[in-house]
Amino acid sequence: MAAAVFCRSSLRGLTASLSSRTAAAFAPALSSRAASVARRCWIDDQLSRRRRRVAGSTRRFSSDVHVGRTGREPPSFAFAFDIDGVLLHVAKPIPGAPEVLKFLDDNNIPFILLTNGGGKHETERVKDLGDKLGVQLSTDNFVQSHTPFRELLEGPDNLRDKTVLVTGSDYEKCRAIFHEYGFKNVITPADIYSADPTIFPFQSPKSYTTPSQPLPRPLYNETAHPISTTTTASTFHSHLKVDAIFVLNDPRDWALDIQVITDLLLSHAGYAGTYSPLNNNPSVPNFGWQRDGQPPLYFSNADLFWSAGYHLPRFGQGAFQAALAGIWRRITGGRAELERVCIGKPYGETYRFAERLLGKHRREVLREIIRMGHHQAGKEEEDLGPGPVGPLRTVYMVGDNPESDIAGANRHISEGGTEWVSVLVRTGVWSEARGGRLEGEFTPREVVDDVAAAVKWALKREGWAQGEGGRS
């Protein structure tokens, strides 16, 4: 957890430290219907089951566990914070955010940063956030939307040695992130375009400056090897085969990305340059669309909007997803929806992943307290049974987006019985003044001005009104 710097030892101290904060001016609009595209995502529930079967895939925590200066036993409640619009606005801390994190850390109250943002490796992003917020953070309490992709390296997916296509805001950064995750064969749309510029006739090869790398195998040439229902696998084995497609974060070159992804979804078994003979076949389930071994398509989040520097929300990855799905609907004549796997908020696997990390970190801190002699005398580390370190009782999800942060917390059903309580802040995407209606699963348990008010409300609910003890 973050190092305790300039922390207050009580809620009264925290409140005093924040008394001079000003209300954030940014409050753009968000339609209550904005999640309609995201909700149409085809969610492969096998992803969750596969991840739970992957032995040893959960991230390991550092053995150098930080214990806050109060030496308190960590309580049975915790916090999950969105970043953009909750802790930061563009690159500047929202007033009160650094003090909140320092206070929680000082009192050993577990927290995690849970964001649909991405595009950087976790270690780089944590350092950047720590510098901006003025606190020391760790990858142990930080989850980006694409962090769970690492769990597809092993197990039934076993993508470590296979070829995967990745796209996002910066092709080379996306490639580097996936290499650091452990994927060995990573290609980008720029690699495919550079191998054959005729796939995208709207760009001159002479003016195309995006970095690329040679493909591991050549693209299939239909002129040399026409495909038919009798074509055998040996025809393609020497050509490029893509085994999975990942959208890491918000793409920039929508046109090229949509073209390349669509080509692969129409291909035979993921061989770039082929066209499946099963497409639009009424005798095959789903009219044959995506039924010929095409690569699975993964999106790291479905956010239609996000809070950026402009005074109104900007399109996010969910808008790119909606564009691709709309084109696919036209291609299939409306007979088939685009099948894809969406993770990130508001989907349950992201919350399960975060809950596991919070619980494990709480246990590690408690063990460290015992080792340091801050716990009751005579209690050995091996005495830690399920009682004193049972599941978290409550996690407070503090976010600015009703359709990701709030909906995800409201719909999440914890396997360990943990209650997720949604708290909406007014410093980000959502704005009541601009008609942002809160209905159904988008209704938070509480609406507050900012992150400091959210934590104050939660601590009072937990009996920490004076910050000295209370229930745990």
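**Entry 1. Pro346**

I began with Pro346, which I located in the loop between β12 (341-342) and α10 (348-372). The model is a predicted one, and I read every entry below with that in mind. I then looked at the peptide bond that joins Lys345 to Pro346 and found it to be cis, with omega at about 15 degrees. For context I noted that most peptide bonds are trans, just as most residues other than glycine have a negative phi.

Val284 is buried because its relative accessible area is 18%. Which residues does Val284 touch, once neighbours within four places in sequence are set aside? I found contacts with Leu278 and Arg291.

**Entry 2. The open sheet**

I traced an open sheet of 6 strands and recorded the order β5-β4-β1-β13-β14-β15, with parallel pairing. The edge strands are β5 (142-143) and β15 (446-448), each of which pairs on one side only.

I followed the pairings strand by strand. β1 pairs with strand β4 (residues 111-114) in the parallel sense over 3 bridges, and in this pairing I noted Phe81 opposite Leu113 of β4. On its other pairing, β1 (residues 77-81) is joined to β13 by 5 bridges, and the two run parallel. Here Phe77 stands opposite Thr394 of β13. Between β13 and strand β14 (residues 419-425) I recorded 6 bridges, again parallel. Thr394 stands opposite Glu419 of β14.

How many residues of β13 (residues 394-399) are buried? I found 6 of its 6 residues buried, and the strand is mostly covered. I then separated its residues by direction. Thr394, Tyr396 and Val398 point one way from β13, while Val395, Met397 and Gly399 point the other way; all are buried.

α12 lies across β1, β13, β14 and β15, and I recorded its direction at about 145 degrees to β14.

I then examined α4 (residues 97-106) together with α12 (residues 451-461). Their axes come within 8 Å and cross at roughly 30 degrees. Which residues make this contact? From α4 I listed Ala97, Val100, Phe103 and Leu104, and from α12 Val451, Ala452, Val455 and Leu459. By class, the residues of the contact of α4 with α12 are 8 nonpolar, no polar and no charged.

**Entry 3. The largest pocket**

I looked up the largest pocket and recorded about 680 Å³ of space in it. Its lining consists of 36 residues, and those nearest its centre are Asp84, Gly117, Gly118, Arg125 and Trp306. The elements that give two or more residues to this lining are α5 (122-133), β10 (305-306) and α11 (402-411). Which element gives the largest share? I found it to be α5, with 4 residues.

I also sorted the lining of the largest pocket by class: 8 residues are nonpolar, 14 are polar and 14 are charged.

**Entry 4. The whole protein**

Finally I noted the totals. The secondary structure comes to 12 helices and 15 strands. The protein has 472 residues, of which 55% count as buried. I also checked the contacts between residues at least 6 apart in sequence and found that 74% of them join residues at least 24 apart.

Technical notes: Residues are numbered from 1 along each chain as its sequence is written. This is a predicted model: local features need pLDDT of at least 70, side-chain atom pairs count only at pLDDT 80 or more; totals for chains, interfaces and linings use all residues. Side-chain values use heavy atoms; hydrogens and water are left out. Buried means under 20% relative accessible area, exposed over 50%, partly exposed in between (1.4 Å probe, protein chains only). Contact means heavy atoms within 4.5 Å. On a 1 Å grid over the protein atoms alone, a cavity is a set of points where a 1.4 Å probe fits but cannot get out, and a pocket is an open set with protein on both sides within 12 Å along at least five of seven lines; lining residues have an atom within 4 Å of a point. Grid points are joined across faces, edges and corners, and a volume is the space filled by probe spheres set on the points. Ala, Val, Leu, Ile, Met, Phe, Trp, Tyr, Cys and Pro count as nonpolar, Asp, Glu, Lys and Arg as charged, and the others, Gly among them, as polar. Axes are lines fitted to C-alpha atoms, for helices over the stretch in contact, and angles run from 0 to 180 degrees between N-to-C directions. Two strands pair if DSSP finds at least two bridges between them.
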